[in-house]
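Dear colleague,

I am passing a structure on to you, and you will find it just below.

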There are 2 protein chains.
Amino acid sequence: MAAVGAECAPPEPMSALTTTPMSTTSVRWERDIEEGGGGGLERPLLRRRGTNATSQMAVVGANVCPIESLDYEIVENDVYKQDWRSRGKLQIFHYQVLKWVLALLVGSIVGLMGFFSNIAVENIAGVKLLLTSNLMLQNRYKMAFLWYISCNAVLAAAAAALCAYIAPAAAGSGIPEVKAYLNGVDAPSILSPSTLFVKIVGSIFGVSAGFVVGKEGPMVHTGACVASLLGQGGSRKYGFTWNWLRWRSVLLWRTFSTTAVAAMVLRSLIEYCRGGKCGLFGKGGLIMFDVSSQVTSYTGMDLSAVVLLAVLGGLLGALFNFLLDRILRVYSYINEKGKAYKILLTVAISVVTSVCSFGLPWVTSCTPCPAAMAAAGRCPTIGRSGNFKNFRCPPGQYNAMASLFLNTNDDAIRNLFSGGTDGEFGVSTLVAFFAAVYSLGLVTYGIAVPAGLFIPVILSGASFGRLLGRILGALTGLDAGLFALLGATSFLGGTMRMTVSVCVILLELTNDLLLLPLIMLVLLISKTVADCFNRGVYEQIVRMKGLPFLEIHGEPAMRLLVAGDALSGPPVAFSGVERVGDVVDTLRRTAHNGFPVIDGGELCGLVLRSHLLVLLRSKAFVLLRSKAFAVDRVKTGAAEVFRKLAPFDFAKPGSGKGITVDDIDLTEEEMEMYVDLHPIANRSPYTVVENMSLAKAAVLFRELGLRHMCVVPRTPGRPPVVGILTRHDFMPEYIRGLFPGVLPE
Amino acid sequence: MAAVGAECAPPEPMSALTTTPMSTTSVRWERDIEEGGGGGLERPLLRRRGTNATSQMAVVGANVCPIESLDYEIVENDVYKQDWRSRGKLQIFHYQVLKWVLALLVGSIVGLMGFFSNIAVENIAGVKLLLTSNLMLQNRYKMAFLWYISCNAVLAAAAAALCAYIAPAAAGSGIPEVKAYLNGVDAPSILSPSTLFVKIVGSIFGVSAGFVVGKEGPMVHTGACVASLLGQGGSRKYGFTWNWLRWRSVLLWRTFSTTAVAAMVLRSLIEYCRGGKCGLFGKGGLIMFDVSSQVTSYTGMDLSAVVLLAVLGGLLGALFNFLLDRILRVYSYINEKGKAYKILLTVAISVVTSVCSFGLPWVTSCTPCPAAMAAAGRCPTIGRSGNFKNFRCPPGQYNAMASLFLNTNDDAIRNLFSGGTDGEFGVSTLVAFFAAVYSLGLVTYGIAVPAGLFIPVILSGASFGRLLGRILGALTGLDAGLFALLGATSFLGGTMRMTVSVCVILLELTNDLLLLPLIMLVLLISKTVADCFNRGVYEQIVRMKGLPFLEIHGEPAMRLLVAGDALSGPPVAFSGVERVGDVVDTLRRTAHNGFPVIDGGELCGLVLRSHLLVLLRSKAFVLLRSKAFAVDRVKTGAAEVFRKLAPFDFAKPGSGKGITVDDIDLTEEEMEMYVDLHPIANRSPYTVVENMSLAKAAVLFRELGLRHMCVVPRTPGRPPVVGILTRHDFMPEYIRGLFPGVLPE
């Protein structure tokens, strides 16, 4: 097993070899050596040992698409260098200003979108609930139920139709896709304008339809879409190409940090609406749980209760992930059958949800109002907000279940988090509500509707926490609202496992730093408990979709392999000056996205498929009898390239897809001409020696955000590049499959 | 200038060459080629073109020391691999638990230290101020002044003596050093136990002595020391070596994130002290500025005032940095003269400070108490806390200057930040106080005392902000306390330029997320304004000390150079099996810390000096007639290495310094034996090809936290390593000096 670097004389010590019977050197001979490079399209479908059949395709929406990698490496070719050298101070200043303008713009647009999404939801759901409650006040219960259930079904069907027919990639949370994108996975249509549109409208319909879904995840996806579209100058497909915004896509990530601006826009708009100028828009601010006045010293009993809650939350969170995985697998069979099936499934879940949310309050008995609340006129409340919903109850009583279920999800959470109302929700109400939202959250995520996971997880966590608080009430002095908050925390830790982000989100929800230690404790425990069973829900979805996500900690087996082990075969290379016909041929024949340029046995650089296509389209060719005459004429050719093409032409196109080889239209004569690849070749590609440990090569690949990594030979006398490693070559499934039986599982 | 990659035929287009008359290819011949590698000790002192004379030494404390780089790269040698392979599940679990234990331990210790530092300062300063005010109540003013000034001078002298005689590295803030350490600069004694001790005690004395210094910066340094000492198993020099804590130093950084635990410890201790159990310890919590009740909507006039404040704050911050730089240069002459001079300078500054803080209230006239405050018995206050200090004033009046100056710095900030007290401090008081703290802050930082910059900057910023608030009072509805907070923000942005950290710190001080947009706006403006003039104060100090800090954005000239350009000459290399005498000789002759191991013309790995020394000390040698007999016997030699040495022996020693070549004691016979370097050679060093762009090589070097980067030749037939790049080879001064007159300045 100690074959790494074993070829250096003298070989490694015997003591290290005795542990395993077989060294990888001998194993290496057994591998099937592939002809052709690292692409995927020309491969046989049969899976062979040593063939990289992993993750070349991903499920985006409901379709399986080939996926590419993003390229954070600076392509240091002559075009770039000339551009860089020619940039004056004014241009650099201009560029800095643009950066800020874009940041501001993205922030403002996202803020506006968040606001209008909120206002739309509150108005649509408000009208729906208001009419329902009016019908009930007239004792027309059947009519009320019919109105409620059909309203929900229509909204659900509309959301599903949008998703099914316009943008399948808009279904679900969107966070897994954005995570993968930031990791460097460029799956088609994840950030396209149609996805953006469906994500917003579908999310409004889905939330208004009363589904147990959030709009937080979709909002994250929306922001990423906006930033990406603006950053790449709008999609070409939709003609949104503003030249002043066509930026190098490398800078895209910068703009993500600007969502801070969004909060300001959102807050000022909410401030504007407080006076009732926005229809049924409620007065709920951004802070859901204001506990500044809570006690901050805890007894040992309090802490024990919190630890118990965290452990149980972790267990239930892990169970949630396990069940969600199973349900999504079942749903994928249904969704694959066709668009109509998607809509049917969505409507079915909508009906179940409606029955639950209308039926459960129906079977819940009324509770007398607390005397103080009744006296203050705060119980029961008839309007939309307030804790104590009157639902078929006589005066002076309220229906606890209706306060939670016949409400928007935001208001339900606010009610659960509310402090100083320990006795408001009874044990049976909380048990029923918890069971309902936990199951509904599970069955709802996979339907064809933009569906965030935060709200279902927080809802079930908060009801679970409040329930535990009720049960342990006698033992601890903690408030029921605090219990609900910590329950939500434990569920977030147990399902999402993102400790820092969840901490920040809860900090924003509560606006109280003093709660941080308790929140951190609960998160740490619930995450640790849940990690014993399975992985986080988003990672699970990323894997299920087949997106090639590069983990921070790679596969342990990588330590036992060298870079050369992961190669599939020699790369397809070009000379510095190539016949146009040969280039076109190669582009058609392979699916590779990077080609080494080799001149006289030396690695001269790496050209990208997209740059080659731009070059071919520009027709910067020269007529030559053969390559031997190249040097002089080709200098003219290079000048031709600089004359015909600006650096902007090589910028990454928007999500409307760039040109393909089929878009290139060349005459017979042009095919016989020669093209100089030097001006567009990245002269400094990152390289590793073939006997470099694969684990360390992976660190280099991930830290620098590479797309192609050239592997160079250790010994002279061989081609200057023995292969190219791409993202797919670092996937755990592939690594583990390389030497079956030898590598540890 | 387009020489990068120019050797590939055909050369670059003529159009790109016309901009400069001379290509670097021709320039390259003019360089002095150095013999010997990248070390510093064997170099002539005369500066020559192409010789890397930059930053090989740094000012640590008052001494100039050679500095080394940290190495975040995993040394994948056979010893490591064998260790990695032999680790069972239990050991991995053990390791995970240890990680958490250490994190908890570091957090708790830092929390305790923070608490005891607080309690010591409040008690020492409290006794001092109480006695002074008692003497004044008895009208013994001269006696009071004498007591006050001599108390301060004695405390100052004690702090300076500690710094001068025990740990010169403990002077100053410590943040520049920690920044540099995290960047990979391993300057000796920065994190040693003596530095830790002096930093804590000296900081207590310095703050108690009434200097305008903070204990925040020193506290950061203290935390880094604690984590480093625990992480490396205690310093060997002081015998603190606990085996169960001897960790691989690579993990050190993890432990920094644990300071969160510290806050909990600190808070619970403060909670404990509230009952008056801790002497004169005040009841000041961690939150200085509680503005939850402030208005959050601003008029255009308010915003204009805030923008004006931010611009002025940025200007004054940049001026602060400029003046500080000049003053530090003057001080360094004084401090170099000897330890007594250091103490004298400190005492002199102490006297000036005492005169200011006692004298200014003396010449300030008394102000009548606001009626409401007087009625509530809150004005004047005689005890230690409270806003309205009685200082030689008749009953019913207070001395505004004394409230600010005859107080601990924390209390002064709290008074300045206090809301709802707009009229408390008059314009003249604020002008005088601002001028005093701004100047005192400048002259105090360079003295031989642990001195944080946060407090002087916040104090002067807050008084400036409150002053501006007074002046613009009629135009805006903003509170004077809010003005003070924003003034402090603008000064922090103008001097430190660390937007995110400052944001977080201010968020913690105010515990109000709603203030964030205003704070961000002010920070952004003040930083942008100040950036037009000079760099941040910490970067300035890092540069002045000569610490080789790797910037995120490297020198622009790097784009025009290739990796080979920055090399100083061929490296000093070893064969896989070397004569012991030759190894010892080479270690004595050079100061290099990494040596390539070359076998039969192939790069076999890289050995570190520290690992070679451990190997030599273990005497894992074999007797050979010559290298030719190596293979068989040396296998025995490698087995010898595994028998005699555990992976732990190669772990980075604590800050008590590792072994040097002079510690190696070998007989004549042993010097003639042979040693096998394979087991300790890093088999996968990161390499770049010599014609890789230097800018991209720098990205690789910085992102992966490397110490040595091997440069391999582009063409066959040359030695497998043409040179080694280290941190010093990426320093802007060196890069700019490489091709004088050709590279842009």
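**A helix pair in chain A**

The crossing of helices α18(A) and α19(A) is right-handed. On the contact itself, α18(A) contributes Leu485(A), Thr489(A) and Leu492(A), while α19(A) contributes Val502(A), Leu506(A) and Thr510(A). Sorted by class, this contact between α18(A) and α19(A) comprises 4 nonpolar and 2 polar residues, with no charged residues. Please bear in mind throughout that this is a predicted model.

Two packed helices are described by the angle between their axes and the distance between the axes. For this pair, helix α18 of chain A covers residues 480-495 and helix α19 of chain A covers residues 499-510, and their axes come within 11 Å and cross at roughly 160 degrees. Since angles over 145 degrees count as roughly antiparallel, α18(A) and α19(A) are therefore roughly antiparallel to each other.

**Aromatic pairs**

Over all chains, the count comes to 28 aromatic pairs. One of these is formed by Tyr141(A) and Trp362(A), an edge-to-face pair with 5.3 Å from centre to centre and 85 degrees between the planes. Tyr141(A) lies in helix α5 (residues 141-165) of chain A and Trp362(A) in helix α12 (residues 339-363) of chain A, so the pair ties together parts that are 221 residues apart in sequence.

**The sheets in chains A and B**

Strands of a sheet pair through backbone hydrogen bonds, either parallel or antiparallel. In chain A, 3 strands form an open sheet in the order β11-β12-β13, and the pairing in this sheet is mixed. Its edge strands are β11 (687-689) and β13 (723-725) of chain A, each of which pairs on one side only. Neighbouring strands of this sheet are turned against each other by 35 degrees on average, with direction ignored. Strand β12 of chain A, which runs over residues 709-712, pairs with β13(A) in the antiparallel sense over 3 bridges, and Val711(A) stands opposite Gly723(A) in β13(A).

Turning to chain B, 3 strands form an open sheet in the order β11-β12-β13, with mixed pairing. The edge strands there are β11 (687-689) and β13 (723-725) of chain B, and each pairs on one side only, while the twist from one strand to the next averages 35 degrees. Strand β12 (residues 709-712) of chain B and β13(B) are paired in the antiparallel sense over 3 bridges, and here Val711(B) stands opposite Gly723(B) in β13(B).

Technical notes. Residues numbered from 1 in each chain as written. Chains lettered and ligands numbered in written order. Predicted model: local features only at pLDDT ≥ 70, side-chain atom pairs only at ≥ 80, totals over all residues. Heavy atoms only, no water. Pairing = 2+ DSSP bridges. Helix = DSSP H or I, 4+ residues; strand = E, 2+ residues; numbered from the N terminus. Axes fitted to C-alpha atoms, helices over the stretch in contact; angles between N-to-C directions. Parallel < 35°, antiparallel > 145°, perpendicular 65-115°, else oblique. Left-handed = near helix turned anticlockwise from the far one by under 90°. Contact = heavy atoms within 4.5 Å. Nonpolar A, V, L, I, M, F, W, Y, C, P; charged D, E, K, R; others polar. Phe/Tyr/Trp six-rings, centres within 6.5 Å; stacked < 30°, edge-to-face > 60°.
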